[in-house]
Amino acid sequence: ELSQREVPFLTGHCKRISLSTLRRKVRRYREQRLTGLKRKRRSDRSQPRKDRQAMLARAIELKRQQPLRSPQMINVFLQREFGRTIPKSTLNRQLRWAGATRRKLQSTDEKIRCRWTRDHSNSLWVGDFAEGPCIFHDGHVIKAHLSIWIDCHSRYIVEGRYYFRENLDILIDSLLRAWASHGASRELYVDNAKIYHSRALTLACTSLNIELLHRPPKDPPAGGLIERVIQTTQQQFEAEIRASHTVTLDKLNQYFQAWLHEGYHPTVHSETEQTPRERFLAGTRYHRQVNMAEALELFYLRERRKVDRTFCDVRVDCQYFAVDPKYRDDRVMVHHDPFGRFTEVKLYSLEGVFLQVAPRYDRSPGAHPFLDLQQPQPTATPLDHDFLKILTARHQERLKAQSQSGVNFHRAQHAHILSMTQLASKFARLLGRQGGASGLNADELEQLASFHRSHPRTTGELLEQACQMAELKTIPVILFQLQQLLPR
């Protein structure tokens, strides 16, 4: 009865099943139960047909030669060599079974990565800048910039705010706000932008015992954590801002803080399976407080200056700052806030000792605030003349000894006789040559050596006198004048 009925198949067609087929199915079911009813795998599965073996072998060879070749390019070669092509799906499947895919052939160049993670909150903060929506400012539409810091353990945004630009003062403001609210983290992870390599940031992290980490250059996937947070911000928050009217910067930050506390922090994170707020509070095991006054001074500019001797002040960025007269003509280190009102600076010695706070002033008469602090002139005290008496006594003894022994005129005369080396050096100096005797060439040295052998008693005084008498400052002319002056 069943063999006479039409049965619908999965393909949508209806046809009859033969009696032999039904009996075979019943026999397999009795022997193997449900396992016997399963369709058997083809014995030639994943094997090409006989008429395509050569084509597939050639396609695999072409793919191994150049892993970036697409199925379309491989079929161009196959059409030329075999006169036919292989369907794209079949070709991709055969290449995958043969292990000739681009990912497998280039696996040696692809890094094996791991997730950025920490066991506790405030262990690692990741920060970055991103372009935000357009805002309205002073009658112009400009681009806003987002500065954001996220806790790695909880994905909690410890600080996020939009600014007019991306530079060092924005980075400092963002970090100070984060430190004031949540203390200092153990590590900071940033990219290789110029502001993240600034001396101020390095000094601040060193002073607060924060390890500053940078992404590897030319490796964008290493910053995937912060980039994913920025993408979420763009898709959920900035998309709504762009769909509405243009707002001001203050209004944009107001909306952003509302989205953070009501939209992002209370939502369960797909990676941690907890809300960022709950995970951040539960994972906080320590809280390192930061003295904000001292932290702000870490970002001060430091410049070396010398206190002016006449006006008793220092000059920084074309501004004058009055200094106490007791530091006149001293070298000091000037510390000042590059982002403040610049009305005063702090002075330190070169050894790091604090000296004073120097106020800004102009050099008009009577404007110096320390005019009343002139140092008193020291009172004159009678000099002790014992030392002068000792020198006078020694001089008298020396004169007495010389008068008793007489003067050795022969020794005095020989003391001024020039050797050959001294003669050459003296000539080079009189002629304006650099390097002493090495400034003369070989011919000039031979002339001087020949003259010195003939006149070994040449003195420096006679040489200078001959040089003055010579009309041309050359060696032959000077030697002629010197020969005239030497005794015969």
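**Helix packing and sheets in a predicted model**

Good morning. I begin with a pair of helices: the axes of helix α8, residues 224-243, and helix α9, residues 249-264, come within 11 Å and cross at roughly 120 degrees. That angle makes α8 oblique to α9, and their crossing is right-handed. Please keep in mind throughout that this is a predicted model.

Which residues make the contact between these two helices? From α8 there are Val 229, Thr 232, Thr 233, Gln 236, Phe 237 and Ile 241. From α9 the contributors are Leu 252, Tyr 255, Phe 256, Trp 259 and Tyr 264. Sorted by class, this contact of α8 with α9 holds 8 nonpolar and 3 polar residues, and no charged ones.

One further residue of α9 deserves a comment. Asn 253 lies in this helix. Is Asn 253 buried or exposed? Its relative accessible area is 9%, and because the cut-off for burial is under 20%, Asn 253 counts as buried. Leaving aside neighbours within four places in sequence, Asn 253 is in contact with Arg 161 and Tyr 162.

Five strands form an open sheet in the order β5-β4-β3-β6-β7, and the pairing is mixed. Its edge strands, each pairing on one side only, are β5, residues 157-163, and β7, residues 211-214. From one strand to the next, the twist averages 25 degrees. Within this sheet, strand β3, residues 124-137, pairs with strand β4, residues 140-151, in the antiparallel sense over 11 bridges. Trp 125 has Asp 151 as its bridge partner in β4.

Two helices lie across strands of this sheet. Helix α6, residues 168-182, lies across β3, β4, β5 and β6, and runs at about 150 degrees to β5.

I turn now to the antiparallel sheet. Here 6 strands form an open sheet, ordered β8-β11-β12-β13-β10-β9, with antiparallel pairing. At the edges are β8, residues 301-306, and β9, residues 313-316, each of which pairs on one side only. The twist averages 35 degrees from one strand to the next.

Val 332 illustrates both pairings: Val 332 is the bridge partner of Arg 305, and Ser 349 in β12 is the bridge partner of Val 332. Moving along the sheet, strand β12, residues 344-349, is joined by 5 bridges to strand β13, residues 354-361, and these run antiparallel. In this pairing Val 345 stands opposite Ala 358 in β13.

The crossing is right-handed. In α16, Leu 462, Leu 463, Gln 465, Ala 466, Cys 467 and Met 469 meet Ile 478, Gln 481, Leu 482 and Leu 485 of α17. By class, that contact comprises 8 nonpolar and 2 polar residues, with no charged residue.

Thank you for your attention.

Notes. Residues numbered from 1 in each chain as written. Predicted model: local features only at pLDDT ≥ 70, side-chain atom pairs only at ≥ 80, totals over all residues. Heavy atoms only, no water. Axes fitted to C-alpha atoms, helices over the stretch in contact; angles between N-to-C directions. Helix = DSSP H or I, 4+ residues; strand = E, 2+ residues; numbered from the N terminus. Parallel < 35°, antiparallel > 145°, perpendicular 65-115°, else oblique. Left-handed = near helix turned anticlockwise from the far one by under 90°. Contact = heavy atoms within 4.5 Å. Nonpolar A, V, L, I, M, F, W, Y, C, P; charged D, E, K, R; others polar. Pairing = 2+ DSSP bridges. Buried < 20%, exposed > 50% of the residue type's maximum accessible area, 1.4 Å probe, protein only.
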